[in-house]
Amino acid sequence: MSSSKPIATTRSVMNLPTGRLALWWVIASEIVIFGGLLGSYIMFRLSHDAWAEQAAITSTLAGATNTFILLTSSLSAVLAHQAAERGDGPRAAKMLRLTVLGGLGFLIVKSIEWTGEIQHGYTITSNLFWSFYYTAAGLHGLHVIAGMICMLIVARAAARNQELQRVEIVGLYWHFVDVVWIFLFPLLYIAK
Amino acid sequence: MAEHAHAHAHGAGHGDAFYVRIWAILLVLLFVSVIGPEFGIRVVTLITAFGVAIVKAYMVGRHFMHLGIERKWVVWILAMMMAFVVLMFAGIAPDVQLHNGQNWIKLYEEPAPGSGAHGH
């Protein structure tokens, strides 16, 4: 084994590959970040019934479309993992790129949605509801962008049948981003 | 232990069709969560929106993230983080949601929604 390889690819801690262990810790810390944000939103939402009027302005169609896109991209991410386990790097790369395409679709829908809302005067400084709305959805959007960049890097190596263990790790991150959206959707778009 | 690692490496032995089936179920649940609030009944909305969200998150975690066959201590670490969030909620919620308590009164009032929104 080459000594130039990163430790994460060559070592296992408590029978868990170090790379996957590190990703679980990332997700653990992300749970606290998003949990704190969403928990705060729920507190304010429960004590301000009038927020329902603001939530009624958000587009359920845009939210549902983005949920469909992320669920579908999660499917392609797990299929990439399956392909990687079979040693089929090119198919894993193809599935990862499809996942990135899903992320791009998500961002396009989000951009159209936000443009309309901002044009109607609902900005991050309008009131506390919109502050939460843009902060939560914006932070999530940044995670989508980060995931897309990581996936493109992993897909490039996977296409050459290299570092296939990373396909599962980047997929786990993407599924977590999906799970966060699964909770953001009813909070910001459904509860009106 | 070796069997566990083997099962994880092969996605619990499921084929692609299994994951497509899970995805289809998730889409049905998405449809339910969108249709539920149309009835205008608060309890139905809560169940179809938030109850279904929990089921969807569970399915993604168990089947796509393979938490069902992951090491138990990983699941416990994630559960512990969620417990911290609940603890934070329980600690802060009274200050946010109540207007007075023992020896304190909240002077700040949240402005009426829409009062700061401009251009509409």
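In which helix of chain B does Ile25(B) lie? Ile25(B) belongs to helix H2 of chain B, where helices (H or I, at least four residues) and strands (E, at least two) are DSSP runs numbered from the N terminus.

This is a predicted model, in which local features need pLDDT of at least 70, side-chain atom pairs count only at pLDDT 80 or more, and totals for chains, interfaces and linings use all residues. Residues are numbered from 1 along each chain as its sequence is written, chains are lettered from A and ligands numbered from 1 in the order in which they are written, and side-chain values use heavy atoms, with hydrogens and water left out.

**Chains and confidence**

Chain A contains 7 helices and 2 strands, in the order α-β-β-α-α-α-α-α-α along the sequence. Chain B has 4 helices and 2 strands, arranged from the N terminus as α-α-α-α-β-β. The table sets out burial (buried means under 20% relative accessible area, exposed over 50%, partly exposed in between, with a 1.4 Å probe and protein chains only). It also covers contacts, defined as heavy atoms within 4.5 Å.

| Chain | Residues counted as buried | Contacts joining residues at least 24 apart, among those at least 6 apart in sequence |
|---|---|---|
| Chain A | 57% of 192 residues | 77% |
| Chain B | 31% of 120 residues | 48% |

Within chain B, confidence is lowest in helix H1 (residues 2-9), with a mean of 49, and highest in helix H2 (residues 16-35), at 95. Over residues 116-120 of chain B, pLDDT stays under 50, and the model has 11 contacts beyond four places in sequence for this stretch.

Two packed helices are described by the angle between their axes and the distance between the axes. Here axes are lines fitted to C-alpha atoms, for helices over the stretch in contact, and angles run from 0 to 180 degrees between N-to-C directions.

Within chain A, helix H6 (residues 128-158) packs on helix H7 (residues 165-190) at about 160°, the axes being 10 Å apart. H6(A) and H7(A) are therefore roughly antiparallel; angles under 35 degrees count as roughly parallel, over 145 as roughly antiparallel, 65 to 115 as roughly perpendicular and the rest as oblique. Residues in this contact include His140(A), Val144(A) and Met151(A) of H6(A), together with Trp174(A), Val177(A) and Trp181(A) of H7(A).

H7(A) also packs against helix H3 (residues 42-64) of chain B, at about 175° and with the axes 9 Å apart. That angle makes H7(A) roughly antiparallel to H3(B). Among the residues that meet are His175(A), Asp178(A) and Phe183(A) from H7(A), and Ala53(B), Lys56(B) and Phe64(B) from H3(B).

**Two individual residues**

Ser74(A) sits in helix H4 (residues 60-85) of chain A. Its relative accessible area is 0%, so Ser74(A) is buried. Apart from neighbours within four places in sequence, Ser74(A) contacts Trp174(A), His175(A), Asp178(A) and Phe64(B).

Ile25(B), by contrast, has 38% relative accessibility and therefore counts as partly exposed. The C-alpha atoms of Ile25(B) and Lys56(B) lie 8.9 Å apart, although the two residues are 31 residues apart in sequence.

Terms used
pLDDT is the predictor's confidence in each residue, from 0 to 100.
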